[in-house]
Amino acid sequence: MSFRADKVWSFKDSGFERSRNYLENKSVDDVKSLFIELLQNGIHGFCFSIYEDGQKPGDIITEAQVRRRIEILKPHTQWIRSFSTIEGNEWVPKVAKQYGLKTLVGAWIGDDEEKNKIEIDNLIKLAKDGHVDIAAVGNEVLYRKDLTSAQLISHIKNVKNAIPDIPVGYVDAYYEFVQHPEIVELCDVILCNCYPYWEGTDFDNSLSHMQQMYDQAKSAGNGKKVIITETGWPSQGEGLKNAIPSAHHALQYFVNTNLWSADEDIEVFYFSSFDESWKVGAEGEVGAYWGIWDKTEKLKFVNED
């Protein structure tokens with residue numbers, strides 16, 4: 001998820017009121033107990049972090065590595081979301097299905113149309129082989145301006161025609177669906193990313209901000225199902241405006257989000273499962289610390305003060 005240069009929402013000015021914090025007046029031990037309970041019961045979904053320390057996109061990932069991480073996640077989730085269909089990413093839905101998990105499988109597309117074709121062909125094959133419950137054609141393509149809306153529509157239509165019995169959508173920031181009704185019309189399901197952190201929101205208002213992001217996507221969706229495909233809070237790194245990373249904020253955000261998700265029956269894929277060191281690039285140091293497990297696959301928060 002990239003830095004949102006344009007802040008499109010202001011809690012102060014919106015007059016918007018929803019649940020600011022499920023954890024008001026809860027002690028640190030109470031929050032940790034809720035965290036463990038949520039994991040034991042299992043949340044809706046996790047975004048799958050495929051890269052170990054020292055790996056990066058472009059490296060070939062083995063089935064064994066994917067299997068080890070799926071085994072860690074299996075007791076704690078119903079769904080797994082993957083981001084690509086090449087370089088070992090294709091193992092994610094295959095292995096997840098073997099463990100009885102459902103899959104939201106993405107083709108990573110951008111400005112390289114030759115590579116786009118490979119990604120999309122592999123997505124279609126995975127779907128026809130029974131490994132895909134929801135297909136996502138691209139992630140934040142419009143936000144990055146890698147393709148035009150017309151080019152993206154062509155790719156989505158291609159996938160929809162090839163796998164007519166499987167829901168097909170496109171993943172982007174919530175406000176892109178407000179700005180692109182032509183994409184909404186084509187998608188079977190609206191797949192929106194909602195990050196209060198990247199809009200510089202202070203933690204106390206983070207849940208309400210995220211809920212309002214969802215409401216914007218839902219309104220734009222005109223009755224179509226809306227799934228939050230990414231939301232989270234970093235546990236360390238540099239801050240952004242009023243948004244401050246910390247282990248306690250990350251812990252609280254996870255609990256707040258998943259309690260709200262269960263209360264409102266809203267499907268959420270939490271970002272992310274494991275810390276990934278390669279993400280320091282454009283996102284800065286904070287990019288490496290969005291996981292619920294650290295880069296060594298150790299569960300975070302439970303042993304921290």
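A salt bridge is taken here as a side-chain nitrogen of Lys or Arg within 4 Å of a carboxyl oxygen of Asp or Glu, and by that criterion the structure, which is a predicted model, holds 15 salt bridges. The legends below describe close-up views of some of these pairs, and of other sites.

**View A. Lys-56 and Asp-59 are joined through their side chains in a salt bridge.** The N to O distance for Lys-56 and Asp-59 is 3.7 Å, which lies inside the 4 Å limit used for such pairs. Lys-56 is partly exposed, its relative accessible area being 47%, and Asp-59 is likewise classed as partly exposed, at 23% relative accessibility.

**View B. A salt bridge connects Lys-97 with Asp-133.** The closest N and O atoms of Lys-97 and Asp-133 are 2.6 Å apart. Because Lys-97 belongs to helix H4 (residues 91-98) while Asp-133 sits in the loop between H5 and strand S4 (134-139), the pair ties together parts of the chain that are 36 residues apart in sequence. With a relative accessibility of 26%, Lys-97 counts as partly exposed, and Asp-133, with a relative accessible area of 23%, is partly exposed as well.

**View C. Lys-225 and Glu-267 form a salt bridge between two loops.** In this pair the closest N and O atoms are separated by 2.8 Å. Lys-225 is placed in the loop between helix H10 (206-220) and strand S7 (226-230), whereas Glu-267 is placed in the loop between helix H11 (247-264) and strand S8 (269-270), so that the pair links distant parts of the chain, 42 residues apart. Lys-225 is partly exposed, at 44% relative accessibility.

**View D. Glu-52, Arg-68, Arg-69 and Glu-297 belong to one salt-bridge network.** These residues are joined by salt bridges that share partners.

**View E. Asp-111, Asp-112, Glu-113 and Glu-114 form a negative surface patch.** Within this group, Asp-112 lies in the loop between strand S3 (102-107) and helix H5 (113-128). The relative accessibility of Asp-112 is 38%, and this residue therefore counts as partly exposed, since that class covers values between 20% and 50%.

View F. Cys-187 takes part in no disulfide, and the nearest cysteine sulfur, belonging to Cys-192, is 11 Å away. Cys-187 counts as buried at 1% relative accessibility, and Cys-194 is buried with a relative accessible area of 0%.

**View G. Leu-38 is shown in helix H2 (residues 28-41).** With a relative accessible area of 13%, Leu-38 is buried, as that value falls under the 20% limit for this class. The C-alpha atoms of Leu-38 and Ile-72 are separated by 15 Å, the two residues being 34 residues apart along the chain.

**View H. Asn-116 is found in helix H5.** At 2% relative accessibility, Asn-116 counts as buried. Between Asn-116 and Ala-220 the C-alpha to C-alpha distance is 27 Å, and the two are 104 residues apart in sequence.

Conventions:
Residues numbered from 1 in each chain as written. Predicted model: local features only at pLDDT ≥ 70, side-chain atom pairs only at ≥ 80, totals over all residues. Heavy atoms only, no water. Patch = residues over 30% accessible without salt bridge, like charges linked within 9 Å, V, L, I, M, F, W, Y side chains within 5 Å. Areas by Shrake-Rupley, 256 points an atom, 1.4 Å probe, with all protein chains shown as cover. Lys, Arg positive; Asp, Glu negative; His and termini not counted. Charge placed at Lys NZ, Arg CZ, Asp CG, Glu CD. Helix = DSSP H or I, 4+ residues; strand = E, 2+ residues; numbered from the N terminus. Buried < 20%, exposed > 50% of the residue type's maximum accessible area, 1.4 Å probe, protein only. Disulfide = S-S within 2.5 Å.
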